[in-house]
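Please walk through the model below.

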Amino acid sequence: MGPKLIDPFHRAISYLRVSVTDRCDFRCVYCMSENMTFLPKKELLALEELDRMCTTFVGLGVEKLRITGGEPLVRRDIMNFFKGMTRHLESGALKELTVTTNGSQLEKFAGDLAACGVKRINVSLDTLDEKKFAKITRWGRLTQVLAGIRAAQKAGLRVKINTVALKDFNEDELFTLAHWCAEEGMDLTFIEVMPMGDLGNEDRIGQYWSLKDLRAQLETRFTTTDLSEQTGGPARYVRINETGQKIGLITPLTHNFCESCNRVRLTCTLELYMCLGQDEMADLRKPMREHADDAMLQQAIREAILRKPKGHDFDYSRQKVDGQVIRHMSHTGG
Ligand code: SAM
Ligand code: SF4
């Protein structure tokens with residue numbers, strides 16, 4: 001199928017994140033407004049299109065697929081898509097199939113995911129306090145998510161917890177969360193809140209808890225060491241020397257991770273975003289829908305990769321939100 005996907009900055013693109021729906025059963029305050037207007041269902045890519053698109057990317061050298069959203073596990077019949085992807089895992093072309101989920105549907109689907117060859121999942125969870133959980137997710141129930149996490153572990157899935165660091169919200173839970181993850185054998189990664197979507201009444205600068213400060217708080221009790229581990233993604237890792245626990249830090253705002261970026265993102269309406277923090281995108285609907293054979297689609301993907309920007313421009317440093325991107329995280333897929 002020709003050479004692999006290489007962008008203008010010599011980065012090989014081997015990782016595709018796909019948002020399979022913009023819908024969600026939660027309304028996390030930093031991600032969605034309370035009264036979201038979702039896309040009409042007919043505008044979403046069909047599951048057959050999703051399979052064809054992912055298969056084409058795998059043919060072009062993508063080795064890792066992460067399914068996200070919105071909440072990917074609320075999409076009807078999504079397990080059929082996962083079942084379809086097992087053929088690429090079995091052939092060895094696809095090395096990893098993973099999901100990022102809010103955990104609400106895991107009790108139902110953890111076993112099926114494991115049976116489809118999913119080995120690791122990311123579960124987003126910002127607090128272990130039921131009331132705070134209800135406040136931050138607006139519609140979520142902590143007990144349901146914790147039951148989902150247990151089901152995932154029982155099914156043999158390795159769970160990583162992703163926590164958005166939020167000032168005056170979960171600062172006081174830093175050690176509780178770290179301890180809980182260590183006890184449960186789960187990795188933990190903190191994410192800085194990003195200026196996505198229509199901010200409305202939300203105060204992103206007020207919510208912003210820099211991971212530099214988070215690490216300083218960690219170091220009031222422990223010593224930490226930087227790990228050199230590179231995933232091609234935005235996470236950097238530190239080890240707590242006293243316990244050996246490894247903690248991931250995703251710092252889009254204080255650390256520029258773009259130089260090693262190996263990923264692109266496909267939305268549920270077949271737009272390919274070459275960078276989470278830029279509006280540069282390619283509409284793959286036409287090449288997908290107007291041509292039954294994949295040559296035009298492959299060409300459109302290759303052309304898009306040649307437009308991948310060098311990096312993003314998020315910046316809070318001047319006490320205003322710079323580099324803000326209007327679309328919501330649930331649209332591009334976090
Ligand atoms: N619904 C799934 C979930 O919550 O894991 C998948 C989609 S969600 C958009 C993916 C990730 O993006 C979650 O970990 C969420 O916390 C994160 N996220 C959403 N909005 C964000 C923002 N404004 N800044 C930083 N992370 C954000
Ligand atoms: Fe839904 Fe995930 Fe966004 Fe929360 S972060 S509203 S769970 S898509």
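In this predicted model, 6 of the 6 residues of strand S3 (residues 96-101) are buried, so S3 is largely enclosed by the rest of the structure. Buried means under 20% relative accessible area, with exposed over 50% and partly exposed in between (1.4 Å probe, protein chains only). Helices (H or I, at least four residues) and strands (E, at least two) are DSSP runs, numbered from the N terminus. Both faces of S3 are covered, with Glu96, Thr98 and Thr100 buried on one side and Leu97, Val99 and Thr101 buried on the other.

Strand S2 (residues 64-68) runs parallel to S3 and is joined to it by 4 bridges; two strands pair if DSSP finds at least two bridges between them. Ile67 has Val99 in S3 as its bridge partner. From S2 the chain passes through helix H2 (residues 78-91) to S3, a right-handed β-α-β crossover. Right-handed means that, with the strands pointing away from the viewer, the path from the first strand over the helix to the second runs clockwise.

S3 also runs parallel to strand S4 (residues 120-124), and 3 bridges join them. Here Thr100 stands opposite Asn122 in S4. S3, helix H3 (residues 106-115) and S4 make a right-handed β-α-β unit.

Around ligand 2 are Cys24, Phe26, Cys28, Cys31, Met32, Gly70 and Asn102, each with a heavy atom within 4 Å of the ligand. This shell divides into 5 nonpolar, 2 polar and no charged residues. Ala, Val, Leu, Ile, Met, Phe, Trp, Tyr, Cys and Pro count as nonpolar, Asp, Glu, Lys and Arg as charged, and the others, Gly among them, as polar.

Residues are numbered from 1 along each chain as its sequence is written, while chains are lettered from A and ligands numbered from 1 in the order in which they are written. As the model is predicted, local features need pLDDT of at least 70 and side-chain atom pairs count only at pLDDT 80 or more, while totals for chains, interfaces and linings use all residues; side-chain values use heavy atoms, leaving out hydrogens and water.
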